[in-house]
Amino acid sequence: MKLKLITIMLVLTTGILCAQSDKNTNSHQEIAQKTNEIYDDLVKIRRDLHMNPEISKQEKRTSEIVAEYLRNLGLEVKTNVGGYGVVGILKGGKKGRKIAWRADMDAIKTDEADVVDFKSKNEGIRHICGHDVHTTIALGIANVLSQQKEDLEGTVYFIFQPAEETFTGAKDMIEDGLFDIIKPDEVYGLHIGPEASGVINVKANELFAYIKTLKVKFKPSANEKELENFMNTILKGYGRNIEQNGSPWDIINKISDPKIGLANKETIFKDYFIFQGARLNTDNGVTFYNASFLETDVKKVNSTPLEIKKQILNSKFKDAFISIEYSKDYSGTPINDPELTTISAKTLRNTYKKDMVKQLYGQTPYFGEDFIFYQQKVPGVFFFLGGSNIEKGIVSMPHTPNFAIDETTIKFGVQSFASLILERTNSK
Ligand SMILES: [Zn+2]
Ligand SMILES: [Zn+2]
């Protein structure tokens, strides 16, 4: 019911959006110009954040820098929302839609040496997921849009989230009353991806596979090895569209491949089940079988444990079976609103370059993102923004030792998404 209503409203929106684009042309030119003007300062901020990375739930310094920057722009600022979360509120000169933009701030523990000159000063911590750039881009957007206040019909909310890497920050901010402070109609955000700098990737619905850990309990079995083999065989039986040798995909080289990568309709990263890492251990008189898997289809995520249970109950292990469940650990995929995905891709293409936005057809394996928690409350879109520059030897594949970002990506990010937000606030 609700979904249908939204569809009708959004169809109307598209029409008005086209008519409004002309009116906003000057604003977009100004956004691009202002972005150029603040670019050097943004690079300085990014490098400072990069040199002073903070792990999940310890983003004190980062959040203070963010809050001060937003206050200096004249935004209303709330701090310590769900930990070190910061919210900035930018009210436009006229009434309009309310749009939220989210950036995450935390870094990661790693002992791999930094590959840039402005090395991390905090031993064992680095921004190898690009959140320093996410934070900087969001500050840049806040800056250029605050200079467009009179032309802004509506309100922009900036959500600076802590603890994304632990999948807790979004939840903590929401539980601490985020949606009492802000009432967005739509929510957007981005993650740096391995595409060329400036290329924006987007996909309706799930961006990633679902990652789940299955927990099956048995009474202690006489032959544990046999039980483990039995369970592994069941799970392997669900494998779809992957090489079944158990080795993980080499995604660094494959997800950007023009023939089999995510942006090709024939991508191999479509409709798959990957079973990985099984453990059997006995504790306090109960034998646990834990196995994690990646599944692209949400229906199968839900039905798989029931089917596995059936197979166990039809086997010689039926008397030993106690229960089957997913463990509580959560790693989610963003689920992009299909209508808003279409509208925002069109807006970006019309405002800047036609080939700037590439649609994805596959679901990236192995990654999760807690942006889904916002999308469970408000429809929205999560983008990938390419950060690589192969000629310069820069490859921005998150969580890899050589992770780096071409800094001109900051410029692309600020101007593109400031323009998108302006179009969305000003849409009816
Ligand atoms: Zn990460
Ligand atoms: Zn990340």
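1. The centres of domain 1 and domain 2, taken over C-alpha atoms, are separated by 34 Å. Domain 1 covers 2–206 + 342–426 and domain 2 covers 210–326, with bounds that come from an automatic or database domain assignment. Across the boundary, 15 residues of domain 1 are in contact with 16 residues of domain 2, a contact being counted if the C-beta atoms of two residues, placed from the backbone, lie within 7 Å.

2. This is a predicted model, in which local features need pLDDT of at least 70 and side-chain atom pairs count only at pLDDT 80 or more, while totals for chains, interfaces and linings use all residues. Residues are numbered from 1 along each chain as its sequence is written, and chains are lettered from A and ligands numbered from 1 in the order in which they are written.

3. On confidence, the protein averages a pLDDT (the predictor's confidence in each residue, from 0 to 100) of 90, and 92% of the residues score at least 70. Residues 1–20 stay under 50, and the model has 17 contacts for them beyond four places in sequence. Where pLDDT is low, the predicted coordinates should not be read in detail.

4. Eight strands form an open sheet of mixed pairing, in the order S1-S2-S6-S3-S7-S16-S8-S15. Here helices (H or I, at least four residues) and strands (E, at least two) are DSSP runs numbered from the N terminus, and two strands pair if DSSP finds at least two bridges between them. Strand S1 (76–81) and strand S15 (357–359) are at the edges with a single partner strand each, so one side of each is left without a neighbour in the sheet. Neighbouring strands of this sheet are turned against each other by 25° on average, direction ignored.

5. Within that sheet, S3 pairs with S6 in the parallel sense over nine bridges, and Ile 99 stands opposite Val 156 in S6. S3 also pairs with S7 in the parallel sense, over four bridges, where Arg 102 has Gly 189 of S7 as its bridge partner. Strand S7 (residues 186–196) in turn pairs with strand S16 (residues 380–388) in the parallel sense over eight bridges, Val 187 standing opposite Gly 380 in S16. Of the 11 residues of S3, eight are buried, which leaves the strand mostly covered; a residue is buried if 20 or more other C-beta atoms lie within 10 Å of its own, exposed if 12 or fewer, and partly exposed in between, with C-beta atoms placed from the backbone.

6. The antiparallel pairings of this sheet include that of S1 and S2, over four bridges, in which Glu 76 has Ile 89 of S2 as its bridge partner. The hairpin of S1 and S2 has three residues between the strands, and Gly 82 takes a positive phi near 60° there. S2 pairs with S6 in the antiparallel sense over six bridges, and the partner of Val 87 in S6 is Ile 159. Five of the seven residues of S2 are buried, so the strand is largely enclosed by the rest of the structure.

7. Helix H11 (residues 408–426) lies across S3, S6, S7, strand S8 (200–202) and S16, and runs at about 145° to S3. For these angles, axes are lines fitted to C-alpha atoms, for helices over the stretch in contact, and values run from 0 to 180 degrees between N-to-C directions.

8. The largest nonpolar core has 94 residues, and those with the most contacts inside it are Trp 101, Ile 141, Leu 145, Phe 158 and Ile 421. Such a core is a set of buried Ala, Val, Leu, Ile, Met, Phe, Trp, Tyr and Cys residues joined through C-beta atoms within 7 Å. Both domain 1 and domain 2 give residues to this core, so it lies between them. Not counting residues up to four places away in sequence, Ile 141 touches Trp 101, Val 414, Phe 417, Ala 418 and Ile 421.

9. A second open sheet has four strands in the order S11-S12-S10-S13, with antiparallel pairing. Its edge strands, S11 (273–283) and S13 (321–326), each pair on one side only. Strand S10 (residues 210–218) and strand S12 (residues 286–295) pair over nine bridges, and Tyr 210 stands opposite Glu 295 in S12. Helix H6 (residues 224–236) packs on the sheet, touching S10, S11 and S12, whereas helix H8 (residues 298–313) lies across S10, S12 and S13 at about 170° to S13.
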